[in-house]
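Let's take a friendly walk through this model together. Keep the sequence and the 3D view open as you read.

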Amino acid sequence: VVVKTFEPFDPRRIDQAIGLGTRYLCSAADKQGQFNYEVKVRKNKAKVMNTYNVLRHAGAIYSLVDSCYFNEQTASARASYCGCAPDTIRDTVQWLVRETVLPIPDLGLVGVYKPHKTHKSSKTVEGRLSYRLPLGGQGLAMIALSMANQVQPGLVEWDTVEQIGNFTTQHLQKDDGSFFTFWFPFREPFGASDQPPSLYYPGEAALGLIYLYEGLKDQGKDDAAAVYLEGAAKGLEALANEREDWEEEAIPLDHWALKATARILSHLPEARHDKLLKHAASVLTTIYAFEEDLLSYDEELGVSTMGTLLEAQFAMLPIFHEKRSYYDNVDQAWCLAEKVAFLLCEAQDQDKPADMLGGLPHNLNLENGKGADGQTLIRKITGDDRMHRIDDTQHVLSAWLSYKEALESGLSEIDCSQVALPPLIDSLFDGLKAGAGQKDEKKTKRKKKKKKGKRKG
């Protein structure tokens, strides 16, 4: 793999980052179809931890399919890094179905269980009783399986995906459109439950139902598909209704709901848009304020957290660029999000073992210090936490893909040199420019030292 050096804000850097991230997702899957979910790096050696998360497995499939089959890069560009994708998609999808999609007692349907079938907890009675069906697992599985079937027809029976959709709409969705978060088949409270609550599950479920709707509609099954679209719409409307009168600081950073909102609008009559757009605008307002605080003051920058926020912004900002009456901070939000997308390239470039090329760390370490004049407060990256989780790469890869898509809208015409950002945040991005050459020089020096050492030996 040839890794080229670009200026910090060169668009080609995003293209290269997409390629490297995609390769990493492929290389992180074993022959059985299971990802290296969590990896610790110590003394430049990678150790795979004995932890796993079924939902993030499905999310990684979604991102991989999106990168290799639906992104804006040319087919020749994708061919350079997607040769691994067909086998990895097949293996990881088969693992997901084999390990998590199982019959639900007394319902005559299958659903997605957590933890997976061969998880260590399955070895004890108490562990088996803990098995449950999370709402978010149903949603992410519907996304992954629907997308995989689009690019590898017949990989999964559509009936299987429909059963997951039926379980979601018939047993996890309430009359008002809101959702239960879990189904417990083997222990109290037996059946659907609101406990424990989960912020992201309703948005994941809504997006999964939209993908299932689109997959069936493509096959001409309009009547069968309609129930899933309505389930998604009612779920998103329920979120909007619930949060309508909340104070700004109480609105959650619900990126999955915004991704679902952006996708569903073209399928719904315009009369149903207003409520969803107002809700999306309130979430974007919260996201921007959160980003400003995080980038200005926190000692750690959560990489997957930033990736999810960018996914939401790049999904909705093209819409609000055309409908600015709903959201009046489009220019600032776009310019900050665009710079953060390039900042995450810097996260990908942090030192790591060669076989982890393209993976992203869990946290970037940041600090505030004095500038060259000894007076000005500046912000800079000091390293990372040497932990890599599959969702760190997955979410950031999805964010970069969404950024490329958003560039096709009028957002790319915004002159960000004329958009003021807080000085401390600007200093972080200015530091990337100033440090670009120094970074390359340091790498060259390290290489020279290694070569010198080999000659001595």
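Two strands count as paired if DSSP finds at least two bridges between them. Strands themselves are DSSP runs (E, at least two residues), as are helices (H or I, at least four residues), and both are numbered from the N terminus. What you see is a predicted model, where local features need pLDDT of at least 70, side-chain atom pairs count only at pLDDT 80 or more, and totals for chains, interfaces and linings use all residues. Residues are numbered from 1 along each chain as its sequence is written, and side-chain values use heavy atoms, with hydrogens and water left out.

Start with the sheet. Its 3 strands form an open sheet in the order E5-E6-E7, with antiparallel pairing. Strand E5 (133-134) and strand E7 (191-193) are at the edges; each has a single partner strand, so one side of each lacks a neighbour in the sheet. E5 is joined to strand E6 (residues 182-184) by 2 bridges, and the two run antiparallel. Within this pairing, Leu 133 sits opposite Trp 183 in E6.

Now move to the loops. Ala 250 is found in the loop between helix H9 (222-243) and helix H10 (255-264). Its relative accessibility is 40%, so Ala 250 counts as partly exposed (buried is under 20% relative accessible area, exposed over 50%, partly exposed in between, with a 1.4 Å probe and protein chains only). Its C-alpha atom is separated by 9.8 Å from that of Val 283, 33 residues apart along the chain.

Another loop, between helix H13 (330-348) and strand E9 (363-370), holds Leu 357. Leu 357 is partly exposed too, with a relative accessible area of 36%.
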